[in-house]
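Here is a short report on one protein chain. Look over the sequence and the model first, then read on.

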Amino acid sequence: MIIMNARAWMDGRFRTGVQVRMTENRVSETGEGLTALPGEQILDLEGDYLLPGFVDVHIHGYQGEDAMRGEEAVRRMSRGLYRLGVAAFCPTTMSAGPEETRRAAEGIRAVRTRPEPWGARVLGAHLEAPFLNPDKAGAQRKECFRNPDWACLEEMTGGTEIVRLITLAPELPGSEALIRRAAAAGIHISVGHSAADAETVHRAAEWGADHVTHTFNAQSPLNHRAPGVPGAALTDDRLVCELICDGVHLHPDIIRLALRCKGADRIAAITDAMEAAGMPDGSYSLGGQKVLVKQGEARLADGTLAGSVLTMPQAMENLIHRWHIAPEEACVMCTSAPAASVGEEKAGRILPGSPAPLTRWSGDWRMKGILPEIRT
């Protein structure tokens, strides 16, 4: 298929006059004046915007599925997310015992090794536990927390090659050793569920941390004399900040503040979605805990936020329409920036080798669909 007459997001700008060829569910060629092969479909976008597929590096579940439940759940997540325009994602774990976490890691590994043909690509696991501070547990189960330890990491993953990202509280004993070893192995470390002061966060960046989990949430607060995790995150250029752009987790001014401090290429829009995303209000589960979803908010019985029901297309539209972020910046935050934050070079961009789907948007920035569409 050749896509033509689009305003395509490429090389950090919207380009016209460029065609995009898609072959076997990937971008295979870009350029001007591409010639159709015999029988090849030509799709005229009539001036609509063409964006890379979304990249979500922090997502627990979707449409009744949870990454902790193993291979079939991750496969169904992959297929469902593709239909939303997500090209790649990091299935994200919750705090659990070593055996349960290992089963989840094995399921993630299986889908990464044998991908769904019409599914979002699995980049690797995001381990959001167990190396967390009990004082900033959020919706994670404290009884499963551990101090950072490489042997524990290997035990609960069955091999660290499946791990792309680890959320960790750097004030815990053992943090420096694990961060340094993980960084040397190509695993990205995210500061999160942490009561660390700013100085500790900067030290973590020196050790190799390069990411901050759902910035401002489940971490020490920003104060004028004690800037905490958010203060360090906003001022340390080595750190990419995750933001949950659902209108619940963050005030709009915080999103604008983060963007002014970091720039779009150092902000990763995430969903932190749990199984109720894409589902009606009701009772659900996260990490073995009952979650009540009402009017777009997912909370434990005590009122603690328990992930979100956000999707990446909604995050993009929220940024543009609710908070008036420039489309160019919103596009980066939802595609190439999260991809780059975990070392991914193909997803989140439109270039040869980039995975499908791409997304089509109207001139007034409403998503119209995915390309290529799912074959039936």
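Among contacts in the protein between residues at least 6 apart in sequence, what percentage join residues at least 24 apart? The figure is 69%. Keep in mind that this is a predicted model.

## Overall fold

The protein has ten helices and 23 strands. Its radius of gyration is 20 Å, close to the 21 Å that the globule rule gives for 376 residues, so the protein is as compact as a globular protein of that length. Along the principal axes, the C-alpha atoms fill a box of roughly 60 × 45 × 45 Å.

## Burial and surface

Of the 376 residues, 59% are buried. The protein exposes about 14700 Å². Carbon and sulfur atoms supply 47% of that area.

## A look at Arg21

Arg21 sits in strand β4, which covers residues 19-23. Is Arg21 buried or exposed? Its relative accessibility is 8%. The cut-off for buried is under 20%, so Arg21 counts as buried.

The side chain of Arg21 has a polar contact, at 2.6 Å, with the side chain of Glu29. Glu29 is also listed among the contacts of Arg21 beyond four places in sequence.

Definitions and conventions:
Residues are numbered from 1 along each chain as its sequence is written. This is a predicted model: local features need pLDDT of at least 70, side-chain atom pairs count only at pLDDT 80 or more; totals for chains, interfaces and linings use all residues. Side-chain values use heavy atoms; hydrogens and water are left out. Helices (H or I, at least four residues) and strands (E, at least two) are DSSP runs, numbered from the N terminus. The radius of gyration is taken over C-alpha atoms; the globule rule is 2.2 Å times the number of residues to the power 0.38. Buried means under 20% relative accessible area, exposed over 50%, partly exposed in between (1.4 Å probe, protein chains only). Contact means heavy atoms within 4.5 Å. Accessible areas come from the Shrake-Rupley method with a 1.4 Å probe; for residues, only the protein chains shown count as cover. A polar contact is a pair of N or O atoms within 3.5 Å; within protein, one must be able to donate a hydrogen and the other to accept it, and residues adjacent in sequence count only if both atoms are side-chain atoms.
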